[in-house]
Amino acid sequence: MERKIMPLGAIGANCVILWEDPAAAWVVDPGAESESINAFLEKKGLTPALVLLTHGHFDHIGALDGLLARHPGLPVHIGPGDVPMIGHPQNAWPPDYEAVKKPASLAADLVDGATLTAGGLTVHVIATPGHTPGGACFLFAEQKLLLTGDTLFEGSCGRTDFPGGNPRQLNESLRRLAGLDPELTVVPGHGSITTIAREVATNPFLQ
């Protein structure tokens, strides 16, 4: 698996592009700067097969309109609990993040235990509510890679004071992540790459 991590937008959310087959790349959390995402795909000769959303906040979905304009009909996958955020006029932070349109290709299928396969890659969905109702983490077990969105950061975790946030659920989600393979590389929704082992040892929210 090859990967590209692109911190994008005013809040610097990590958009992650993954691929083995250039004809079937994965785009995770296209949060802003669709022109940068499209330019990278074109430079590398990549055709996206799907979009995965760890959750529905504006800084993780802001490039959807521009990405879909270039790739019409591209499947967009999200947890069912976060569907109401997509296309909601208040899910925005103008002028940096305008509300996006709800894609016709939106699939609310990122439920706990679900798997998706494309281009030689398989993801296992781990539902991690707390930051948002439909938040999810994405485990690529063969590659020992975990994408945690805004559930888990290096040394920290997601906020629960936004609408739909739930501290009890987030704590349960974090405990679940703490029990995963310690060798997993963690790419969070913001900030630096880490590992499960490092976070279990040092992150106060996983103690």
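**Helix, strands and rings**

Modeller: Happy to! Let's start with a helix: the buried residues of α1 pack against β1 (2-8), β2 (13-19), β3 (25-28), β4 (48-52) and α3 (64-70). Contact here means heavy atoms within 4.5 Å, and buried means under 20% relative accessible area, exposed over 50%, partly exposed in between (1.4 Å probe, protein chains only). Helices (H or I, at least four residues) and strands (E, at least two) are DSSP runs, numbered from the N terminus.

Biologist: And what sort of model is it?

Modeller: This is a predicted model, where local features need pLDDT of at least 70 and side-chain atom pairs count only at pLDDT 80 or more, while totals for chains, interfaces and linings use all residues. Residues are numbered from 1 along each chain as its sequence is written, and side-chain values use heavy atoms, leaving out hydrogens and water.

Biologist: Which residues of helix α1 are buried, and what puts them on the same side?

Modeller: In α1 (residues 34-44) they are Ser 34, Ile 37, Asn 38, Phe 40 and Leu 41. They cover an arc of only 160° around the axis, so they share one side of α1; the arc is that of the directions from the helix axis to the C-beta atoms. The face turned away from that buried side carries the exposed residues Glu 35, Glu 42 and Lys 43.

Biologist: Why is the pair of Trp 26 and Phe 140 called edge-to-face?

Modeller: The search of the whole structure finds five aromatic pairs. Rings of Phe, Tyr and Trp (its six-membered ring) pair if their centres lie within 6.5 Å; planes under 30 degrees apart count as stacked, over 60 as edge-to-face and the rest as tilted. The centres of Trp 26 and Phe 140 are 5.4 Å apart and their planes stand at 75°, so this pair is edge-to-face. Trp 26 lies in strand β3 and Phe 140 in strand β9, so the pair ties together parts 114 residues apart in sequence.

Biologist: How do you know whether Trp 26 counts as buried or exposed?

Modeller: Its relative accessibility is 0%, so Trp 26 counts as buried. Phe 140 is also at 0% and therefore counts as buried.

Biologist: What makes the pair of Phe 58 and Tyr 97 tilted?

Modeller: Their ring centres are 5.1 Å apart with planes at 55°, so the pair is tilted. Both Phe 58 and Tyr 97 are buried, and ring pairs link Phe 58, Trp 93 and Tyr 97 into a cluster.
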